[in-house]
Amino acid sequence: MLSGVLHQIMSGIATGGIYASVALALVMIYQATHHVNFAQGEMATFSTYITLTLINVGLPYWVAFVLAVAVSFVIGMGIERILMRPLHTAPVLSSVGVFVGLLLIVNSLSGWFFDYTIKQFPTPFPDRPMLGGYLSGHELGSTAVTLIVLLSVYGFFRYTRLGLAMRAAAFNPVSSRLVGVRVDWMLALGWGLAAAIGAVAGCMVAPIVFLDPNMMSGILLYAFAGALLGGIDNPLGAVLGGFMVGVIENLGGAYLVGTELKLSLALVIIVAVLTIRPTGLMGRKVFSRV
Amino acid sequence: MTALLEVKDLHAAYGETRVLHGISFSVQSSGVVALLGANGAGKTTTLRAICGAVRTSGTITLQGQRIDGKQTEDIVRLGVAQVPEGRGTFMELTVEENMKLGAYTRPARLATEDFPRMFDYFPRLKERFRQQAGTLSGGEQQMLAIARALLLRPKLLLLDEPSFGLAPLIVQEIFQILRRIRDEEKVGILLVEQNAAIALAFAEEAYVLETGRIVMSGTSAAIMQDEGIRRSYLGY
């Protein structure tokens with residue numbers, strides 16, 4: 001029994017890492033635009049297809065992976081510059097409309113380019129149990145990749161000048177311009193980074209859930225629940241929230257509601273957070289004096 | 001010799017509402033000019049126009065180079081720093097990060113080069129260095145805003161009501177430091193103030209703005225002597 005629980009927790013952490021990455025991508029765009037990018041999941045799916053295509057033309061896994069992440073970065077920046085730029089001062093509903101439209105368009109493009117059949121996606125990690133059988137090789141490897149990504153993103157924002165400028169541009173665009181930060185480019189960079197993180201998450205989850213155009217829709221829901229749980233405006237909170245949702249989902253699925261109803265746990269979390277503590281566990285509390 | 005800042009026949013409007021109706025003035029390099037006027041006279045709009053944050057017509061030149069119509073970021077990079085209305089603090093970031101952003105346009109390895117000089121002007125910022133800027137008092141945020149602007153190493157410093165919302169003692173403290181900055185830094189200053197007495201004591205020259213037009217200009221001493229100004233703005 002105990003080892004069963006432990007097993008569920010460990011694989012919960014492994015899937016939680018995926019949710020944490022997507023939650024982080026959501027938060028990055030949320031901080032800059034104050035909207036949730038509903039298309040984040042579909043963009044990640046599209047990136048995963050790019051990786052698969054590159055693998056199928058004969059590139060080694062990691063080369064294809066890095067290339068696809070880079071291409072996703074560029075696509076993300078392009079979406080911001082072309083689609084989102086005109087909406088900087090638009091009302092909320094226009095932005096929501098564009099996000100939903102983007103979701104449908106990217107989803108259809110995935111189906112159109114790569115067809116709707118469910119595809120297998122390779123894992124670069126050895127296919128055998130690890131850590132005394134608690135995790136599969138892929139779960140362990142993908143957790144490691146996720147942690148590397150999260151730590152690099154944290155380091156980038158915390159310790160580099162460009163990361164500081166990106167945070168400044170998200171918090172206070174007017175003052176940022178007055179110190180010479182090119183705010184529009186910072187927003188575009190943010191979109192690029194979010195798309196790149198999504199691409200990593202897509203490639204890491206695809207071997208588990210298989211690849212089809214709707215692969216990320218459930219994952220986006222878990223990620224959104226994680227972001228809300230941790231605090232939609234707090235990147236660190238969202239990452240922790242993502243891991244927590246992964247564990248809750250696995251434990252709940254195994255002992256509480258069964259695997260068929262797992263996704264409803266995400267909805268329960270979303271509703272619970274919004275009613276009980278809308279800022280999330282680590283939502284930003286800014287002290288300001290005037 | 002070309003002026004540091006030359007504004008000619010400047011008009012500005014927010015949508016249909018016209019705020020400036022053709023004002024002209026100039027700031028010499030290392031000169032100190034005050035722009036006086038009541039609420040709504042167009043003082044802040046003038047500063048916003050210089051920084052390219054509002055639509056304008058007319059010409060604005062910095063050392064002979066046209067800057068009207070340019071993007072704010074590019075104007076800033078040419079050496080125009082603004083201490084904005086409301087101080088523009090990055091509340092979520094630390095004092096250190098706020099200061100680093102001030103030096104954002106400078107080469108990375110020189111970014112903290114001027115920090116000691118800022119601590120000399122504003123010892124309070126050194127004490128609060130690692131603190132979240134949103135927790136600073138109004139006066140400290142004003143100091144931070146001035147330091148942030150100076151860290152850009154500007155040619156022209158635009159100050160938008162540094163006295164706003166501060167207790168008289170703090171205002172005195174801030175202007176004492178501003179006087180040191182005026183005397184020690186090689187920077188032209190354009191000061192916008194409602195508090196005419198303190199502004200005239202600080203600046204060499206002043207312009208008086210009334211509903212978007214300049215109604216008087218001259219040396220601070222001359223304006224201080226003017227009967228009308230004394231009654232409307234100085235209250236004695």
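How many of the residues in chain A score a pLDDT of at least 70, as a percentage? That would be 97%, with a chain A average of 89. Keep in mind that this is a predicted model.

**Confidence in chain A**
- Helix α2 of chain A (residues 40-56) has the highest mean pLDDT among the elements of that chain, at 95.
- At the other end sits strand β1 of chain A (residues 129-130), with the lowest mean, 80.

**The nonpolar core**
- The largest nonpolar core holds 163 residues, and V22(A), A23(A) and L24(A) are the ones that touch the most other members.
- Helix α8 of chain A (residues 183-209) gives the most to this core, with 18 residues.
- If you skip neighbours within four places in sequence, V22(A) is in contact with Q40(A), G41(A), A44(A), G198(A), A201(A), I219(A), L220(A) and A223(A).

**The sheet in chain B**
- Chain B has an open sheet of 4 strands, ordered β2-β1-β4-β5, with antiparallel pairing.
- β2 (17-27) and β5 (65-66) of chain B are the edge strands, each pairing on one side only.
- Helix α1 of chain B (residues 43-50) packs on this sheet and touches β1 (5-14), β2 and β4 of chain B; the helix direction makes about 70° with that of β2(B).
- β1(B) and β2(B) run antiparallel and are joined by 8 bridges, one pair being V7(B) and F25(B).
- On to β1(B) and β4(B): they pair in the antiparallel sense over 6 bridges, with L5(B) opposite L62(B).
- L62(B) also stands opposite Q65(B) in β5(B); β4 (residues 56-62) and β5 of chain B are antiparallel too, joined by 2 bridges.

**Where the chains meet**
- The contact takes 20 residues from chain A and 26 residues from chain B.
- On the chain B side, α2 (72-77), α3 (95-102) and α6 (138-150) each supply at least two of the residues that touch chain A.
- Sorted by class, that side of chain B comes out as 10 nonpolar, 10 polar and 6 charged residues.

**Residues to look at**
- R87(B) isn't a glycine, yet it has a positive phi of about 75°. You'll find R87(B) in the loop between β6 (80-83) and α3 of chain B.
- Is R87(B) buried or exposed? R87(B) counts as buried, because it has 26 C-beta neighbours inside 10 Å and the cut-off for buried is 20 or more.
- R153(B) is another non-glycine with a positive phi, near 55°, in the loop between α6 and β7 (156-160) of chain B. With 18 C-beta neighbours inside 10 Å, R153(B) counts as partly exposed.
- Over in chain A, D115(A) lies in the loop between α4 (92-114) and β1. D115(A) counts as exposed because it has 10 C-beta neighbours inside 10 Å, where 12 or fewer is the cut-off.
- D115(A) and D212(A) are 97 residues apart along the chain, with 8.2 Å separating their C-alpha atoms.

Technical notes:
Residues numbered from 1 in each chain as written. Chains lettered and ligands numbered in written order. Predicted model: local features only at pLDDT ≥ 70, side-chain atom pairs only at ≥ 80, totals over all residues. Contact = placed C-beta atoms within 7 Å. Nonpolar A, V, L, I, M, F, W, Y, C, P; charged D, E, K, R; others polar. Pairing = 2+ DSSP bridges. Axes fitted to C-alpha atoms, helices over the stretch in contact; angles between N-to-C directions. Core = buried A, V, L, I, M, F, W, Y, C linked by C-beta atoms within 7 Å. pLDDT = per-residue confidence, 0-100.
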